[in-house]
Amino acid sequence: MPKKLPKRRSAPDQDKLIVDALRDVGKPLSAYEIIDHLKEKGLSAPPTVYRALNRLIEDGLAHRLESLNAFVACRHPHHKGTAAFAICDGCGLVREFHEAESVRRLDAAAVEAGFTVKEMTIELRGRCKDCEVTVAR
Ligand SMILES: [Zn+2]
Ligand SMILES: [Zn+2]
């Protein structure tokens, strides 16, 4: 009997395709850029891609950059807490880092102001070292 090709990719399979695409590109991608990358691999339905992205974000394998409306692969799997991102406006490079103390202080300041934080986004926009050098020349 000929082996039937699966019509749909399984969820873990979809997730892996997306993470691999984000890692390969190494820069933030919008959902539509992700779809563009994965069309030929059979992943082209936006709701499917959005669901996969939500799973990846929940699992800490990808992050959403609010100011760019784009997604990046997490470089530090298994981290807890809020990550901060430095985003280069020149080349699109994103550096992820963890500033637990700053996050704690922001949280404490919010509590003091009578505010309960449900989500925290820390995004710094500027220029990476390479772009900064290019401008200076
Ligand atoms: Zn991360
Ligand atoms: Zn740059």
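## Strands, helices and a few residues

Strand S3 (residues 84–88) and S5 run parallel, joined by 5 bridges. Bear in mind that this is a predicted model.

Q: Which residue in S5 is the bridge partner of Ala84?
A: Ala84 belongs to the stretch 84–88, which is strand S3, and S3 is bridged to S5. Follow the bridge from Ala84 across to S5 and you land on Ile122.

Q: What is the order of the strands in the open sheet?
A: The sheet has 3 strands and mixed pairing. Strands S4 (94–97) and S5 (122–126) each have a single partner strand, so they stand at the edges with one side lacking a neighbour in the sheet. Neighbouring strands are turned against each other by 20° on average, direction ignored. Reading across, the order is S4-S3-S5.

Q: At what angle do helix H1 (residues 11–25) and helix H3 (residues 46–58) pack?
A: Two packed helices are described by the angle between their axes and the distance between the axes. For H1 and H3, the axes are 9 Å apart and the angle is about 80°. That makes H1 roughly perpendicular to H3, the value to remember being about 80°.

Q: How many nonpolar residues are in the contact of H1 with H3?
A: On the H1 side there are Ala11, Gln14, Asp15, Ile18 and Val19, and they meet Thr48, Ala52, Leu53, Arg55 and Leu56 in H3. Sort these by class and you get 2 polar and 2 charged residues, while the number of nonpolar ones is 6.

Q: What is the hand of the crossing of H2 and H3?
A: The axes of helix H2 (residues 31–38) and H3 come within 10 Å and cross at roughly 110°. The two helices are therefore roughly perpendicular to each other. As for the hand, the crossing is right-handed.

Q: How far apart are the axes of H1 and H2?
A: H1 and H2 pack at an angle of about 105°, and that makes H1 roughly perpendicular to H2. In the contact, Leu17, Ile18 and Ala21 of H1 meet Ile34, His37 and Leu38 of H2; by class that's 5 nonpolar, 1 polar and no charged. The distance between the axes is 10 Å.

Q: Is Leu53 buried or exposed?
A: Leu53 lies in helix H3. Beyond its neighbours within four places in sequence, Leu53 is in contact with Ile18, Ala31, Ala62 and Phe71. Its C-alpha is 10.0 Å from that of Ile34, a residue 19 places away in sequence. With 21 C-beta neighbours inside 10 Å, Leu53 counts as buried.

Q: What does Arg55 count as, given its C-beta neighbours?
A: Arg55 is found in helix H3. Leaving aside neighbours within four places in sequence, Arg55 is in contact with Ala11 and Asp15. Asp15 is 40 residues away along the chain, yet the two C-alpha atoms are separated by 7.7 Å. Arg55 has 16 C-beta neighbours inside 10 Å, so it counts as partly exposed.

Q: What is the phi of Asn69?
A: Most residues other than glycine have a negative phi. Asn69 sits in the loop between strand S1 (62–65) and strand S2 (70–73), and with 10 C-beta neighbours inside 10 Å, it counts as exposed. Although Asn69 is not a glycine, its phi is positive, at about 50°.

Technical notes. Residues are numbered from 1 along each chain as its sequence is written. Chains are lettered from A and ligands numbered from 1 in the order in which they are written. This is a predicted model: local features need pLDDT of at least 70, side-chain atom pairs count only at pLDDT 80 or more; totals for chains, interfaces and linings use all residues. Axes are lines fitted to C-alpha atoms, for helices over the stretch in contact, and angles run from 0 to 180 degrees between N-to-C directions. Helices (H or I, at least four residues) and strands (E, at least two) are DSSP runs, numbered from the N terminus. Angles under 35 degrees count as roughly parallel, over 145 as roughly antiparallel, 65 to 115 as roughly perpendicular and the rest as oblique. Two residues are in contact if their C-beta atoms, placed from the backbone, lie within 7 Å. Ala, Val, Leu, Ile, Met, Phe, Trp, Tyr, Cys and Pro count as nonpolar, Asp, Glu, Lys and Arg as charged, and the others, Gly among them, as polar. A crossing is left-handed if the near helix is turned anticlockwise from the far one by less than a right angle, and right-handed if clockwise. Two strands pair if DSSP finds at least two bridges between them. A residue is buried if 20 or more other C-beta atoms lie within 10 Å of its own, exposed if 12 or fewer, and partly exposed in between; C-beta atoms are placed from the backbone.
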